[in-house]
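Keep the structure open while you read.

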Amino acid sequence: MTRSEHIRALQEEYARQRAANEEDQEARIARTCAAIPEIGRLRQESTDLALNAMRSILAQQDEGQRVAAAKEMKRRGQEINARIRQLLIGAGLPEDELKPRYRCAVCRDTGYVGEAPARFCDCFEARLRLRQYEDGSMAGVDEQNFEHFDANRIPEADGQRAQLVKARQLCEDYANAFPNTAFRDLLLTGAGGLGKTFLLNCIFERVTRRGGSAVRITAFRMFEAMRQQHVGNDDNYEGFSALIDVPLLLIDDLGTEPMMRNITVEYLFTLLNERAAARRHTVVATNLSPVQIKERYGERVASRLLDRTRCAAILLKGKDLRGL
Ligand SMILES: [Zn+2]
């Protein structure tokens, strides 16, 4: 199969996944409404409310009245949602019982992220590579897993090989033990081309192959999620909270994302802090040294990233391995 054939097949698979998600959501709604009839009534009211409000908003000539009608609709809508949440919790159900659930919350199983031009989500890329790898059309290109670690490619001089072999072992132990790892977090540092991204991808591959839930994201895409969250014009946008919630988050190339006032540092801190509070695992690869991390992100973020009690740090040194 060619790459574009794989892409098409994968897009169909994603469409089936979305249909399955919808079915699953509808089944949960039906079950919940049968068990708690008041929720069914409230949902109906919410639908009617939206329809009636639309009509009356359109019928109003006066701008002030239009705004007031829209406001009232919003207020009642929020009241209904709060009551539904209360009923769900009261019944011992999760708050999001009636909401859609996705295999990948970053792209909501569309396979795409970002605004035009949209790009493939990391989950899509990973599946695509796996398909190509499995049918042999990409042999030699996608070998970002522990099995394909070839120590002979690494120069022996200055202990570079021994150091990377040790790092690989640490990462593999981490991936095999997940979620019961010796250290909760991992920090991979060192200059470019020393194998950080490779190790990060290996951990991702192993953990997901073992059935763990993980998101691997470049710092640049992470920043996009933060920016979108900050702009906040999409109420359904869950990309950033997905990064907070995923059991294992792997951030590649931290330090290459744009620095935007009120966004980069603030959201990074929120992300790391909330993940730490919930004891979720985070792996970060960066070219930045500890000093540079402090300079770029400040003390609060640095203390989260460099917390020696919870984070194992791996420093890689030596010659650039790319092209060797
Ligand atoms: Zn995705």
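A helix crossing is left-handed if the near helix is turned anticlockwise from the far one by less than a right angle, and right-handed if clockwise. By that rule, α9 passes α10 in a left-handed crossing. The model is a predicted one.

Helix α9 covers residues 264–277. Helix α10 covers residues 290–305. Their axes are 10 Å apart, and the packing angle is about 30 degrees. Angles under 35 degrees count as roughly parallel, so α9 and α10 are roughly parallel to each other. On the α9 side, the contact residues include Val 265, Leu 268 and Phe 269. Among their counterparts in α10 are Tyr 297, Gly 298 and Val 301.

**The sheet**

Five strands form an open sheet in the order β4-β5-β6-β3-β7, with parallel pairing. Its edge strands are β4 (214–218) and β7, each pairing on one side only. From one strand to the next, the twist averages 10 degrees.

Strand β6 (residues 281–286) is mostly covered, with six of its six residues buried. One side carries His 281, Val 283 and Ala 285.

Strand β6 pairs in the parallel sense with β3 (residues 185–190) over four bridges. Here Leu 186 stands opposite Val 283, and Thr 189 has Thr 286 as its bridge partner. Strand β6 also pairs in the parallel sense with β5 (residues 248–254), over five bridges. In that pairing, Leu 248 stands opposite His 281. The chain gets from β5 to β6 through helix α9, and this β-α-β crossover is right-handed.

Helix α6 (residues 196–209) lies across β3, β4, β5, β6 and β7 and runs at about 165 degrees to β5. Helix α7 (residues 219–231) packs on the sheet, touching β4 and β5. The direction of α7 makes about 100 degrees with that of β4.

Ala 312 sits in strand β7 (residues 311–316). Is Ala 312 buried, exposed or partly exposed? Ala 312 counts as partly exposed because it has 18 C-beta neighbours inside 10 Å; a buried residue needs 20 or more. Leaving out residues up to four places away in sequence, Ala 312 touches Leu 170, Phe 183 and Leu 186. Its C-alpha atom is separated by 6.2 Å from that of Leu 187, 125 residues apart along the chain.

Most residues other than glycine have a negative phi, and most peptide bonds are trans.

| Site | Backbone value |
|---|---|
| Phe 178 to Pro 179 | cis peptide bond, omega near 5 degrees |
| Asp 109 | positive phi of about 60 degrees |
| Arg 279 | positive phi near 55 degrees |

Pro 179 lies in the loop between α5 (160–177) and β3. Asp 109 is in the loop between α3 (63–90) and β1 (112–113). Arg 279 is in the loop between α9 and β6.

Why does Asp 109 count as buried? Asp 109 is buried because 23 other C-beta atoms lie within 10 Å. Arg 279, with 10 other C-beta atoms within 10 Å, is exposed; the cut-off for exposed is 12 or fewer.

Note on methods. Residues are numbered from 1 along each chain as its sequence is written. This is a predicted model: local features need pLDDT of at least 70, side-chain atom pairs count only at pLDDT 80 or more; totals for chains, interfaces and linings use all residues. Helices (H or I, at least four residues) and strands (E, at least two) are DSSP runs, numbered from the N terminus. Two residues are in contact if their C-beta atoms, placed from the backbone, lie within 7 Å. Two strands pair if DSSP finds at least two bridges between them. A crossover is right-handed if, with the strands pointing away from the viewer, the path from the first strand over the helix to the second runs clockwise. Axes are lines fitted to C-alpha atoms, for helices over the stretch in contact, and angles run from 0 to 180 degrees between N-to-C directions. Angles under 35 degrees count as roughly parallel, over 145 as roughly antiparallel, 65 to 115 as roughly perpendicular and the rest as oblique.
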